[in-house]
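Here is a short briefing on one protein model. Keep the sequence and the 3D view open while you read.

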Amino acid sequence: MLTATLVALLLLSQLQSIVSRPILDVVRTAKLVSEQKDYAVRARKHGRDEIGTLVDAFNEMLDRVQERDRQLRTARDAAEAANKAKSAFLANMSHELRTPLNGIIGYSEMLSEEAADRGLQDVIPDLTRIRAAGKHLLTLINDILDLSKIESGKMDLHLETFAIAPMTREVIATIQPLAASNANRLEIEIPPAVETAEMRADLTKVRQSLWNLLSNACKFTRGGSVRLSAWTAPAPSDGVGSVWFAVSDSGIGMAPDTLQKLFQEFVQADSSTTRQYGGTGLGLAISRRFCRQMGGDITVESAEGLGSKFVIRLPLLGETASSPEATRAVVNA
C-alpha cells in the first residue's frame, strides 16, 4: 500500500505539472496584457491536447484584439490630424474673412455719416442694413473660431480681478439697443453685497457669456421683460465662494424635449425658430464651455409660453491657469 501510494503521488505530481503549467502560462500572459496593454505577447503552447486547443483560442483572441487596437490607433491618429487641419483651416479662414468684414463695417459707418452730413436720408437705411449684416456675420465667424479653439484645447484663460457690479451694468448698457428693438424692458438686480464684491475670472468670457444669454432673452421676447440678477454665495468649509448670474425673460419659453439638446452645437428649438429668429445655435454651447472651463456651469429652467431662466455659477476665485486636462474635460462634457 505504501508503494502504491508513493507511485500515485508521483504520477499525480507529474500530471499536475502537465496540466497546471500551460494554464499558469495563460494566466501570466493575460495578466501581462492587462497591466501593460501589450497585445503582442502570446501564451506558450505545451501540447496538442485540450489545453493546447485552449491556448490556441486564447492566442487567436489576442491576434484579433491586437488588430482592433491597431485599427483604433490608426483611426485616432487620422482623427487628430483631421482635427488639427480643421482648426488651422478655421483659424486661417476666420482671419481672412474678418479682415474684409471689418473693412465693410467701417466703410458702411463712414458712408452713413457722410450721407447724414449731405442730407441723403434715403440711403442711410440701406447702409445701416449693410453694417448690421456685417456685424452679424462677424459674430458668427467669431463663434465658430471660439468653438474650434475649445475643441482643439487652445482656448486659454486670461484671469484678472474685477468688480462684479460695473461689469454687469456694462453688459446691460451694451444689450440695451437689442432690447429696445423688440420693445423689451430691461431690469437689473444687484444687492448691496455685490456692489463692492470682486471676482477673479476671464473678464472677456464672463462678459460674452452674459451677453449671449441676454441677447437670446431679448431675441425670443417681444414686448416683455428681461431681468439680470447677480448675487454671491459664501464659501463652504472646504472651498471658495461663488457668484451667480440669472437671466430671466417672459418670452416664448421652451418645451422639455428642447431643453435636453439646448447646449449642443448648431442646435435650436426647431426649423421654424431658426427661420423666424435666426442664429446658428452656437452661443449657448460656447457660453457653457466657457463657464465650465472657469470652474462653473450654466443651468436652465423653462416652460413653453412662460419664459426661460438661465443661471450662471462661477467661483469667486478662478483657477490660475487652464490645464490641457481641464480643457479636454470641457470638450468631452
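Lysine 205 sits in helix α6. The model is predicted. Lysine 205 has a relative accessibility of 7%, so this residue counts as buried, the cut-off being under 20%. The side chain of lysine 205 makes a polar contact of 3.1 Å with the side chain of aspartate 202.

**Helix α6**

- Aspartate 202 also caps the N-terminal end of α6. One of its side-chain oxygens lies 3.2 Å from the backbone nitrogen of threonine 204.
- Helix α6 covers residues 203–219, a run of 17 residues. At 1.5 Å a residue, the helix should span 24 Å. The C-alpha atoms at its ends are 24 Å apart, so expectation and model agree.
- Most of α6 is covered, with twelve of its 17 residues buried.
- An α-helix has 3.6 residues a turn, so residues three or four places apart point the same way.

**Cysteines**

- Cysteine 218 has 0% relative accessibility, so this residue counts as buried.
- Cysteine 291 is buried too, with a relative accessible area of 1%.
- How many disulfides does a search of the whole structure find? The count is zero.

**The sheet**

- Five strands form an open sheet in the order β2-β4-β5-β7-β6, and the pairing is mixed.
- The edges are β2 (185–189) and β6 (297–302), each of which pairs on one side only.
- From one strand to the next, the twist averages 15 degrees.

**Strand β7 and its partners**

- Strand β7 spans residues 308–315 and runs antiparallel to β6, with six bridges joining the two.
- Which residue of β7 is the bridge partner of glutamate 301? The partner is lysine 309.
- Isoleucine 298 stands opposite isoleucine 312 in β7.
- β6 and β7 form a hairpin, with five residues between the strands. In the turn, glycine 305 has a positive phi of about 85 degrees.
- β5 and β7 also run antiparallel, joined by seven bridges. Valine 247 has phenylalanine 310 of β7 as its bridge partner.
- β7 is mostly covered, since six of its eight residues are buried.

- Helix α4 (residues 164–181) lies across β2, β4 (225–233) and β5 (242–249). Relative to β2, α4 runs at about 175 degrees.

**Whole protein**

- The protein has ten helices and seven strands.
- Of its 333 residues, 37% count as buried.
- Among contacts with a separation of 6 or more, 69% are between residues 24 or more positions apart.

Definitions and conventions
Residues are numbered from 1 along each chain as its sequence is written. This is a predicted model: local features need pLDDT of at least 70, side-chain atom pairs count only at pLDDT 80 or more; totals for chains, interfaces and linings use all residues. Side-chain values use heavy atoms; hydrogens and water are left out. Helices (H or I, at least four residues) and strands (E, at least two) are DSSP runs, numbered from the N terminus. The expected span of a helix is 1.5 Å times one less than its number of residues. Buried means under 20% relative accessible area, exposed over 50%, partly exposed in between (1.4 Å probe, protein chains only). A polar contact is a pair of N or O atoms within 3.5 Å; within protein, one must be able to donate a hydrogen and the other to accept it, and residues adjacent in sequence count only if both atoms are side-chain atoms. Two strands pair if DSSP finds at least two bridges between them. Axes are lines fitted to C-alpha atoms, for helices over the stretch in contact, and angles run from 0 to 180 degrees between N-to-C directions. Contact means heavy atoms within 4.5 Å. A disulfide is a pair of cysteine sulfur atoms within 2.5 Å.
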